[in-house]
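Let's take a friendly walk through a protein model, from its overall layout to one of its pockets. Have a look at the structure first, then read on.

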Amino acid sequence: MNVDNQQGVAFGRRGRESRAQPVLAGRMVKPARPVGHILRLVGLTSLVLVVAVAVFWALPAIQKLNAETARAEQRVIQIVNQPVTHMPRSGQWMEYSPGWFHPGAIKPDFSNVDIRATQEFPYTSSDHVTSDLNPTEMFIGDELEFNAMTKYFYTDRALPKKRLSNAEMIEINNLYRIVGHDEQAIFMRWLMIAGLVAVGFCLGSLLLLHRGFRPAD
C-alpha cells in the first residue's frame, strides 16, 4: 500500500509537471506586442521633425526678418538725423533749455502710425534758435521740426532735427510698415518654436514614461 501510494504521489507530481509545461511554453512563445516600438518610432520621428522645423525653417526666417528690420531702421535713422545748417551766434536768437528735447521717446506703432500727422514746428517763432547745449551756435528756425513719432530714432539729441519733406515722411511710413510686419512675423516664429519645444518635451516625456513602464506578468 505504501508503495502504491508513493507511486501515486510520484505519478501525480509528474502529471502536474507535465500539465504546467505547456502553459509556460505558451507564455514563452507568445509574441510581443509591437505597440511600444510603434510609439517610440512615432515619438522619435516627431522629435526629429520638431528639430528640423526649428533649425531649418523658423530660425533662418527669424534671422532674415531681423536683417530686414535692421536695414529699414538704419534708413529711418539716416533720414531723421540729416544734418542741419550750423551758424555762429550773432544778432538775435531764441534759446531752448534744458536742451532741445525732453528725455525718453515713444516707440512708434510701426504698423499704423502716420508721421505726417505728428510733425510739429515749434521753432518757427524766431528766425534763429539755439539751446544751452550749443553755446556758440544757432540754427535756422524754419529749417527745423520736432516729431514725437520719429524721436525714437534721434541719435544726437544735442542738435535739432531737420524738417522732413512729404516724400521723406511717406518713405518713413513705408519703412515703419516693414518694421511692424517683421516684428509680428518674428513674434509668430518664436511662438511656433516655443510650441514645438513644448510638443517635443511632451513627446520625450511620454517616450521615457513608456520605456520605463513594464506590464505585470
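## Layout of the chain

Read along the sequence, this predicted model follows the pattern α-α-β-β-β-β-β-β-β-α. That gives three helices and seven strands, where helices (H or I, at least four residues) and strands (E, at least two) are DSSP runs numbered from the N terminus. Residues are numbered from 1 along each chain as its sequence is written. In this predicted model, local features need pLDDT of at least 70, side-chain atom pairs count only at pLDDT 80 or more, and totals for chains, interfaces and linings use all residues.

Here are some totals for the whole protein.

| Property | Value |
|---|---|
| Buried residues (under 20% relative accessible area, 1.4 Å probe, protein chains only) | 28% of the 217 residues |
| Contacts (heavy atoms within 4.5 Å) with a separation of 6 or more that join residues 24 or more positions apart | 82% |
| Share of the accessible surface (Shrake-Rupley, 1.4 Å probe) of about 14600 Å² that belongs to carbon and sulfur atoms | 63% |

## A cis bond and a pocket

Which form does the peptide bond from Ser97 to Pro98 take? This bond is cis, with omega near 0 degrees. Pro98 lies in the loop between β2 (94–96) and β3 (119–120).

The second largest pocket has a volume of about 250 Å³. Of its 13 lining residues, Gly99, Trp100, Phe101, His102 and Tyr123 are the closest to the pocket's centre. A pocket here is an open set of points on a 1 Å grid where a 1.4 Å probe fits, with protein on both sides within 12 Å along at least five of seven lines, and lining residues have an atom within 4 Å of a point. The volume is the space filled by probe spheres set on the points, which are joined across faces, edges and corners.

Technical notes:
Heavy atoms only, no water. Buried < 20%, exposed > 50% of the residue type's maximum accessible area, 1.4 Å probe, protein only.
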